[in-house]
Structures are given as structure tokens and as C-alpha cells.
Amino acid sequence: MAQQIRDNLKYTQEHEWVRADGKLAVVGISFHAQDTLGDVVYVELPKLGSWVVAGKAFGVVESTKAVSELFAPVSGKVLRVNEALVANPQLVNTEPYEQGWMIEIEMSRPDELEALMDAGAYENFLHSPK
Amino acid sequence: MFEVEQVFFGIGGFGVYFRVASGPNTEVGVVFPEKVDEVRGKTKSVVRGFDGVSAQGENILNTELGHAVNQSQELCLGVVGEGEVRAYFQTCFPSKVLQAGQAGRTRASGCPIGDRDKSGLQSSNVFNSFPKVKLRGGCFGWEELKGEEGALGQKKFGDLHEHSCEFCLRLYALALYSAPLCIARIGATMPEKTPLFEIHRQMGAKLVDYSGWTMPIQYTSSLKEHTAVREAAGLFDASHMGEFELRGKRAIEAVNHLVCNDVSQCVDGQAMYAGLLNEAGGFVDDVIVYRHSEQRVVLCVNAGNIAKDWAWVLEHTAGFGLEAENQSAQTGMLALQGPKAVEILSVTSKLSSGQTAGQLKRYHFAQGELAGIPCTLSRTGYTGEDGFELYCAAPKTEALWWALLEAGKPWGLIPCGLGARDSLRLEMKYPLHGQDIDEAHTPFEAKLNWIVKMKKETFIGKAALEKQRERGLEKLWVGFVMLEPGIPRTGYAVFHGGKQVGAVTSGNFGPTVKRAIGMAYIDTVCAEDGTVLDVEIRERKAKAQIIKTPFLQKGA
């Protein structure tokens, strides 16, 4: 499980991850999330410059078997979206923490990061009974 | 046998509420104190709670409880019958009598406290004979709730604390004692397992509940498995399917009365796809008819419909003097599909006729042996590829599975799950009963005219189909491709010129055609090939176009 959770990231209960750098935050879904979803065949992401709100849906990821909403871990403005996922949504499965990233946000409230789980807490969360 | 992974239960004013999880399945129900003596079973782990709330304050049951009770004639059979459930609720909550089978959810916790005291729990002999146990964790104080009308609810459970009133201690003991009952009860409603269940698990397949069966949805990746079938070969467990054998002098005549296709056109050893229709011409099921001989016919039916179909077949063949046998539980079934299937079978199988597997024509079948295991080899399938469906005695399924996987390895054979099975059949526009075709849709509407032989003198549903043909069809089942991003899913509304003209029955990404594809019943006026439609995907309309199907054009 160790390499399936990255130490330097923060996680939500909905299994999104955030890589924060100053006011910037890159967002994706965790190894566990993509594994549960199965083969990702479609990703719907917000427009550049739109605003996302922590805890609210910002997009959708669809696998061959399910549709699942993506929830924003933090609030802010969308600076970049991963266009590569349009042509190659399977990157979410193969590289959930690298090429499978989804959006980059300019955080309006970086303190929201504190409410998220670190790697250890997320690991415990994954192992706790539902 | 079932295995329970986790049990949640809470104790409250009128019994023990439970939720049992086993694999992908969760059941919710109520145990009544009078019935706890029926307890027997075991459990791996128990999460204890009170009144539907876990020790962490998580609401585990309350919102589901009403639902559970609504379903109770199914869920609580053996624990408490329907009449008893209702009687119990009438006693407990006269203001909220639940009708059996009533839709929607009722918050049992919203019932007035005064009514709760009438539950009889506190004066029940079983209850009062329980020894008191020391509480671990904590529970919500019963005393504190007295006098509050309808106040029980999730938010009230924020401050759990140690509590030791006699009522709670006894309740707790009752809950501990009755947990196995919940599980034993649930065992009876757990989904069925094919003879390969343990193998699927060992092989690391993801399991899902499908039509009442625990089935593998994928072993590694649905896309990879899909591609293996298109390019090499895949092996599916199809043992959940049902098989009915009908024997007797009038077997062909009886089956021809049952189905809309004409079985008399088959020779011995030939199979035929057909519809089992109701009087209104709708699909009770879609089936494959195997004509073994003039006096012996086998129907292969969908897993989720076995009980319904069996009753239907018995009822409608009653006058034909047949012997009928439901062999579903004794029969294992594997589907070996893909362009390499024939080569794999040519090295593993031996047909009684002396033919090779490759000499079997499409939709023909024969008796034979595969790695020494007697089976019926049928050149049929649900994928659009060449391939075989193999029937054997249930206990032999496992040996057949391993023999095929081993033999097929050099050709790239891999085990495949229901995910691939679904995307493969989608690309061919093969209907799935219960989703694309059902009792409310006729073969004409589903554009399956080729399986209807109106020249036959009679068959169930014929009169209705004649009428429908005269009247004209109001809707047609069409295939469409998405022109704009998005994946159509079952239930999505379909529009034309701003007006809703249908709904998606099935849809997904087609791994071979590499587009999002779907099927829908569409008003006939706009169901022509080439018509551009709007599919509503999450409040957004995405363009789609009706095209000629199957989506996968072979040899194109």
C-alpha cells in the first residue's frame, strides 16, 4: 500500500489528492480511487478560469462501469486543466499521481489545506471500516 | 455458504437493527426480541452501536431502517413474517403504519417517544431474561430522551457517554445475542454463487452483485479483457445462466408455442436465438433454444430471470405432456470467445461425432469432451466474435476452466469479467434483458423482427404483435454514437428539437470502436439513421447521431 499513497500529498475523504506549492494546488484522484473505479474512459473537467469551491463537485470521471463526481479539495480559480486526459483518460489509472493529474488551482484560501488528511491519516482512513 | 465481512447493529426502542455487509452486498433489517431464540450463526467482526448509531456517532441505520421494514417481507422472512412486522409496527407506531412493499423511506427515529414505550420491548420476557452486560464504548442515554417528541436523530448523538441504566444493559445483551441471527437470516438472501466463485476470488477478480449473483466484473482491466476477446480470446464464467430441459413427443411444438422464433426450422444440433414473449408481445426473457432432438429441447435463460421463466415455462407448457427439468443449479457454463477460440478448442476438445470444433457451424452444437470432461460445445456467444459456449456438470466447471486457461495461454487467452462482456455486446447492439428489452417492449420495437416468425400458426404474444404491426410502431430501439464529449448511461433522457423523444437503455465507451455509444428507444418519427439527437448528460445536452448498427462493422 505504501507506494499507493504519496507522502507529500494531502487527501480528501472522497479520495482526491492535492499537491500544494505556495498558492498553487494540483488536484487528482488517488490510487485507491482509480482502482475502485476501474478503467477510466472519460474525464470532464472545468473551464480555465472558472472557480471551484472546496467540497463541491468540479468535474466527473467515468469508468467503464461507473460515473463518479470529482470534489474540489480546496477553493480557488482553475489555472490549468490536464488536456491530455481528453485523448488519454487512462492516464488516471496508470499514473494517478503524475500524468493523471486533473486541474491546477490558484487557492483563494490556502488554510483549507489544513482540513485535509495527510498520507498517514489517509492510510488509516482507507483501512477504517466504512 | 456465505461469509459475512462486517456486521453493524444498533439497539433501539423496538428491537435490534442490523446491517450486514458481505462483499459488495449490504442488507438492512430489524430483529424483534421475541425471535432471538432462532439465533444461530457466526460472525467475523461486529461494530456495536445504539439506536442505529455507532460508538463513533456515525449514523449506521436510521435512514435505512424504514426502507428495511418496507422490504421486510423479504428481509425478515424466518425472523418475522409480514403480518408480524405490520402488527409490530401498529403496536409501536400507530401513526406510522408501514405498508409492506411501500416505496420510499421512513425515519423510524422520528416516531414519538411515547409510542416507543409501547413497543413491548421493556416488558418482553425474552428481553428481561437477558443478563445485564457491562457496556464498552458508550451509548446514548435513554433517560435523557424521555419526554422529547420525535427527537431521536443523528444530530442528537453527538455526545455519547458511558451509561448504565438497566434498560440499556439488557438491550446490549440482546443485541450481542441476536447478531448471529441477523447473519443467519441474511445468509438466506445473499446472492448466489457460481461453481467458480472461489476461483474468481483467488484470481483477484473484482466481484459485484449481478442479478442476484456474485460475479466477477473484471480480473485486471475491463478494457484489456475486451481487447483480448476482439484480438485473441477470453474466457467467461457464465454459470449463472439458467438451463431448462424439456422432453417429450411434443417438445418442439411446445417450445414453438413459447417462443416467437420458429424452432421447427432447426435441425437436431442447431441452436436459435428467440424471445419468450408475454401475451402483450413483451419480452419475458430472451433465450437460446437448443434442439437436441425432436423430443429434447434445452432453453438457456438469463440468470436474473430463472425463477420467473421457470414458472412461465411450466405454466405455458402444461398441456403438452412434457417432462421439464430446471438444470440451472447442476449446470456450469463457460464462454470461450474470440478469434483464437476455435484453435484453442481444436487442441483440447473431441466431439462425439468425430468432427473438430472448427467444423461446427455457427449456432450449431454438439456433445463432446474437453480435457476429458464431458460437455456440450455450442458455437454461440454474446460478444460478436467467433467462439463457443460450453455446458458441463457444475462440479466439473472448475476443471474445465483451468484446462481451457492453460491450453489457451499460447494464444493469449485470459479470463474476462462482466465489464468486458457488457462492452463487447454493446458494440454489437446485442440487447440485455432487463435493461434494453423487457416485458414492456416487443421484438418489433427492439428491431429484432428477424426473431419473430409471424407465419407460425400460433405463439404467445402473436395476436398483440399483429395488432402492433397494423397500428404501426411508436418507438424503435436505435443505436447512436456521441458526437460531443460524454458517455451515455442508462436512464439519460434523449431529445430531438427540444422535445424528449426517448431514454438511454444502455451506453458506455466502446473500446474497439473507440467512441462513446449507446442505445435508446426513440419516437419512430425521429428514429432514422443519421438523425442527430441530444443526450442529456448531467444537465448538459450533448449531440449524438443515430447510426447503422452493429457499431462494430466486421471486415470494415
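Trainee: At roughly what angle do the axes of helix α9 and helix α14 of chain B cross?

Mentor: Happy to start there, noting that this is a predicted model, where local features need pLDDT of at least 70 and side-chain atom pairs count only at pLDDT 80 or more. Residues are numbered from 1 along each chain as written. Helices here are DSSP runs of H or I with at least four residues, strands runs of E with at least two. The axes, lines fitted to C-alpha atoms over the stretch in contact with angles from 0 to 180 degrees between N-to-C directions, come within 8 Å, and for α9(B) (residues 222–231) and α14(B) (residues 418–427) the crossing is roughly 55°.

Trainee: Which residue of β26(B) does Leu533(B) stand opposite?

Mentor: Strands pair if DSSP finds at least two bridges between them. β25(B) (residues 532–537) runs antiparallel to β26(B), joined by six bridges. Across from Leu533(B) stands Ala544(B).

Trainee: And which residue in the turn between β25(B) and β26(B) has a positive phi?

Mentor: These strands form a hairpin with two residues between them. The positive phi, about 50°, belongs to Arg538(B).

Trainee: Is Gln34(A) buried or exposed?

Mentor: Gln34(A) lies in helix α1 (residues 31–37) of chain A. Buried means under 20% relative accessible area, exposed over 50% and partly exposed in between, using a 1.4 Å probe and protein chains only. At 6%, Gln34(A) is therefore buried.

Trainee: Which side chain does a polar contact of 2.9 Å join to that of Gln34(A)?

Mentor: Gln34(A) touches residues including Ile29(A) and Pro96(A), where contact means heavy atoms within 4.5 Å. A polar contact is a pair of N or O atoms within 3.5 Å, one able to donate a hydrogen and the other to accept it within protein, and residues adjacent in sequence count only if both atoms are side-chain atoms. At 2.9 Å, the partner side chain is that of Asn93(A).

Terms used
Chains lettered and ligands numbered in written order. Heavy atoms only, no water. Lists of a residue's contacts leave out its neighbours within four places in sequence.
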